[in-house]
Amino acid sequence: MEQKKTYEQAIEELSLMLMYLTRRQDTNEFCRYREISFKGYDFDILDQLDKEDYIIQPRGRRGYEKYLYLTEMGRNRAKNLLKEYGLADQALQERFEFRNILASEDMQAAEIEKICFPPNEACTEAMMKERVAKAPELFLVAVDRENGRIAGFLNGIATNEYSLRDEFFTNAQLHETDGKNIMLLGLDVLPEYRKQGLAKEIMFQYLRREKERGTRSVVLTCLESKVKMYEKMGFSNQGISVSEWGGEQWYEMRYTLNID
């Protein structure tokens, strides 16, 4: 016989799901990758969820703030509870699975790269294969649940260097497992999945994950036409990059996640 939940357990679980479903993007320019939920819950429930590391309750000079953050563990717990209770998640979460890349998906990623970037900018199959083998944990793929195919992905390598140079694109052996900075090497979304908020969701999930891992900063390069787009995501423009990848002039964009 299935064991029934206690009243306290049910209230805690329902509160966590409601926090997750009502979350919104933080407007703080330093935390745009994060999502906040506003408080309106029993104090004992909030304290219990805090103790279980499902939420973070920021404190100001006058005590706790009126909002909270869900931790990665809290978000995952809420997602599982939604399935258990038979409730619907937000559209992108329903349609896509976000996870690390599998070794068997390296050639699929290489094909997507060819579609998303011109020949002078796209990495080769050999380069993509090396990246997947060397740093699969620094990939984040969005898999279409309906057909099991990758719709888009973001990938990078870790380093203790501060600027993105061309060699990072061509040599995955530069990856340092203890590197505090992430050099992003490509944000790819297939044409049929664009203009649906997927690229933004992939980026925000990536930044949240790296924040909780203790990454110091995330760096990427983009063409001038994309600078404002990344600024809206919270990146700061560092000016013209030293990278000349593909014979183009790039702008270096930085997102500081943690300060030592």
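Between two axes, angles under 35 degrees count as roughly parallel, over 145 as roughly antiparallel, 65 to 115 as roughly perpendicular, and the rest as oblique. The model is predicted, so local features need pLDDT of at least 70 and side-chain atom pairs pLDDT 80 or more, whereas totals for chains, interfaces and linings use all residues. Residues are numbered from 1 along each chain as its sequence is written, and side-chain values use heavy atoms, without hydrogens and water.

**Helices H5 and H6**

Select residues 106–116, helix H5, and residues 125–134, helix H6. Their axes come within 9 Å and cross at roughly 130 degrees; H5 and H6 are therefore oblique to each other. The crossing is right-handed.

Next, display the side chains where the two helices meet. H5 contributes Asp106, Met107, Ala109, Ala110, Glu111, Glu113 and Lys114, and H6 contributes Glu125, Met128, Lys129 and Val132 (contact means heavy atoms within 4.5 Å). These residues divide into 5 nonpolar, no polar and 6 charged.

**The two sides of H6**

Keep H6 selected and colour Met127, Met128, Arg131 and Val132, which are its buried residues (buried means under 20% relative accessible area, exposed over 50%, with a 1.4 Å probe and protein chains only). They cover an arc of only 130 degrees around the axis, which puts them on the same side of H6. On the other side, Ala126 and Ala133 are exposed. The cover over the buried residues includes H5, strands S8 (139–144), S9 (150–159) and S10 (181–189), and helix H7 (167–170).

**Glutamate 201**

Finally, move to helix H8 (residues 198–213) and select glutamate 201. At 11% relative accessibility, glutamate 201 counts as buried. Apart from neighbours within four places in sequence, glutamate 201 is in contact with Leu92, Gln93, Phe98 and Arg208.

Methods:
Axes are lines fitted to C-alpha atoms, for helices over the stretch in contact, and angles run from 0 to 180 degrees between N-to-C directions. Helices (H or I, at least four residues) and strands (E, at least two) are DSSP runs, numbered from the N terminus. A crossing is left-handed if the near helix is turned anticlockwise from the far one by less than a right angle, and right-handed if clockwise. Ala, Val, Leu, Ile, Met, Phe, Trp, Tyr, Cys and Pro count as nonpolar, Asp, Glu, Lys and Arg as charged, and the others, Gly among them, as polar. The arc is that of the directions from the helix axis to the C-beta atoms.
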